[in-house]
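Hi,

Here is the structure I said I would pass on.

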Amino acid sequence: MSRATIDWDATGSEASRSAALADPGKFEAVFNVMPDAIVVCDEEGRIAFVNRQTELLTGYQRSELSGELVEMLIPAPARATHAALRTQYGEHPTTRTMGTDLNINVRCRDGTDIPVDIALSPVETDEGLRIVAVVRDMRERLGIEAKLKADADAEMARAKDELISLVSHEMRTPLASIVGFAELLITRDSSVDQRQRYLEIMLQEGKRLTGLINDFLDLQRLEGGHHKLRTAETDLAQLVKRAVDSVPVDSKTPIKMDFPADLPMVAVDPDAVLQVLTNLLSNARKYSPDGGEIVISGHRSGESVEVSIDDHGLGLAPDELNKLFNKFYRAERAERLRIKGTGLGLAICRRIVEAHGGHIEATSSGIGKGTTFTFTVPVSLPSPASADVVLLEDDHGFAKLLEAELKANGLTSVWAPEVQTANKLIDKSSAKAVVLDLMLPDIQGEEFLIGLRTTRGSNIPVVIVTMRPVGPEEQAALKALGATAIFGKSAKSVRAAAALLRDALKP
Amino acid sequence: MSLQKVLATILVADDEPFLRELVRTTVESDTRNIVEAADGDEAWALIKKHQPALVLLDVRMPGLNGLQLVKAIRADPELAGTRVILIAASAHESDRDAGMAAGADFYVTKPFSPAELLALVEAAMARSRLVA
């Protein structure tokens, strides 16, 4: 702290500095214009000098303080121990603050205490050690801090109120249709066509409400940090393909994929990133009411893969781009065109991307000129090439169980949530065996098995663990394809599968 | 009782098409001419044009919102006979008070019972006839 040391150099040498302290009267004019109170004590703790500011702060006259023990300026609880602390300080004097977080107070003449910050500085003089205390009145700053905190609290409460009001509006609207039409169905004589119409609206609005609640809970979980990422080495292009396949085909807005073949694997939670991709793709469609090609592309950028979704839709004004990722924010033009949305999708996307350590942004050349969303995900760093077993299993929880059981048997494993990832892992790792689930999101396990036997021959044991009931004929068929063993999904069969692999790999 | 059928115009403004359909279905009869608006600005244009006996306004709409519309109606001498029912997603006392203070005749919270809404519509129409 600069104010802890009084810079005497401008006035002369070390000698003149000591002289000044021995006879501070010489520098009284300087001391008196200082904004802080200055109290100089001798080795016994007796006040040798105070400046004008000390008088203003404490209400004591200089004559009342001079020669008194400094403890008279210290309130009761600290006063008792102060003499001892002062003696300690006298033995090892250093320039230091007394600690801003100690809640130090000065006791004034009228008995009130004022919060202060104190800096101490020892100075050797011809007449012995002098301790200079620079005492700063903290009332104003503490007041400002308290006000800032109160303002921040009020802002948070306001944001919360606004959120509750928005959620209430968003949820009550579909609820109003459901409740209202249900009452009409019960209380009025309606034609068959009318009844059909009311029920359709109720179903549609019921689904909308469900989606809204899911989105809202997703977001709460993500914001609360309760959402645990289930990171796996993932083939991004494959994930994008799944996302593209999941949004309905629309010839007005064809989706073109542009991913280089040598794109590195990424380390992401596949389900979460699939949600981001699906959301951005369906947004691109939704906000392109006049159609236009949508291009989704990816390229490596340092330790990340950058994914862009480019549309020829409504576009956005510059001031809307930043607000876009805020909860419940809806772009003005989309509202005007009555394009439905909860304003939660992009807030969810942002949280998911940020949870992966990436970032997401929107750019647009302006209204009517299309929008580009870009986000990054981390490249998977050197993969667990030493894994003994590849687990091709879309259920993360079950993969964890397998991993733990294999570990107990001295085997390492790596999880692949879908086939492409598994193939890449088998190609580049030292994996000596595969645990295979038959029911996978993209292809059936049998296909994978045929592919593996074609490319790698029969020297990799493949143990099937599946929920699907497998009859004797199918068992025989799978074994003919090269399955080493077939188990159901249970704790017992996981143990058996792990033991079998241990025996196979560690003879 | 007049023998001639008098058509009373009622305006329904809501940005949600299903909500408009629900309100229309609830209040329509052969003595009422229902006009629909999908946002606040369209609602104001139609109110000026038709000078409806009753308007049912969603509070939260694109363009002019329901509260702004009530204030505009109350400030317009030509619309002195127009009754207003606000339909809101907020059940907060303070929002209800703000709606009534702005000059609404009734304040209804979503979700609402069509039968109760119809009762309010009839009460408001009776007031409208008294004033007009």
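Below is what turned up, one chain at a time. Keep in mind that this is a predicted model.

Let's start with a sheet in chain A. It is open and has five strands, in the order E8-E10-E11-E13-E12, with mixed pairing. At the edges sit strand E8 (255-258) and strand E12 (360-364) of chain A, each pairing on one side only. If you ignore direction, neighbouring strands in this sheet are turned by 20° against each other on average.

Zoom in on E8(A): its partner is strand E10 (residues 294-301) of chain A, and the two pair in the parallel sense over four bridges. You can find Ile255(A) opposite Ile294(A) in E10(A). Then there's helix H8 (residues 236-246) of chain A, which packs on the sheet and touches E8, E10 and strand E11 (304-310) of chain A. The direction of H8 makes about 175° with that of E8(A).

Now for chain B, which has five helices and five strands. From the N terminus on, they run β-α-β-α-β-α-β-α-β-α. Of its 132 residues, 40% count as buried.

Which residues have the most contacts inside the largest nonpolar core? They are Leu56(B), Leu57(B), Ile85(B) and Leu86(B), in a core of 42 residues. Leaving out residues up to four places away in sequence, Leu86(B) touches Leu57(B), Val59(B), Gly66(B), Val70(B), Gly99(B), Ala104(B), Tyr107(B) and Val108(B). Another core, of 40 residues, lies apart from that one and includes Leu277(A), Ala284(A), Tyr287(A) and Val307(A).

Cheers

How values were computed:
Residues are numbered from 1 along each chain as its sequence is written. Chains are lettered from A and ligands numbered from 1 in the order in which they are written. This is a predicted model: local features need pLDDT of at least 70, side-chain atom pairs count only at pLDDT 80 or more; totals for chains, interfaces and linings use all residues. Two strands pair if DSSP finds at least two bridges between them. Axes are lines fitted to C-alpha atoms, for helices over the stretch in contact, and angles run from 0 to 180 degrees between N-to-C directions. Two residues are in contact if their C-beta atoms, placed from the backbone, lie within 7 Å. A nonpolar core is a set of buried Ala, Val, Leu, Ile, Met, Phe, Trp, Tyr and Cys residues joined through C-beta atoms within 7 Å. A residue is buried if 20 or more other C-beta atoms lie within 10 Å of its own, exposed if 12 or fewer, and partly exposed in between; C-beta atoms are placed from the backbone.
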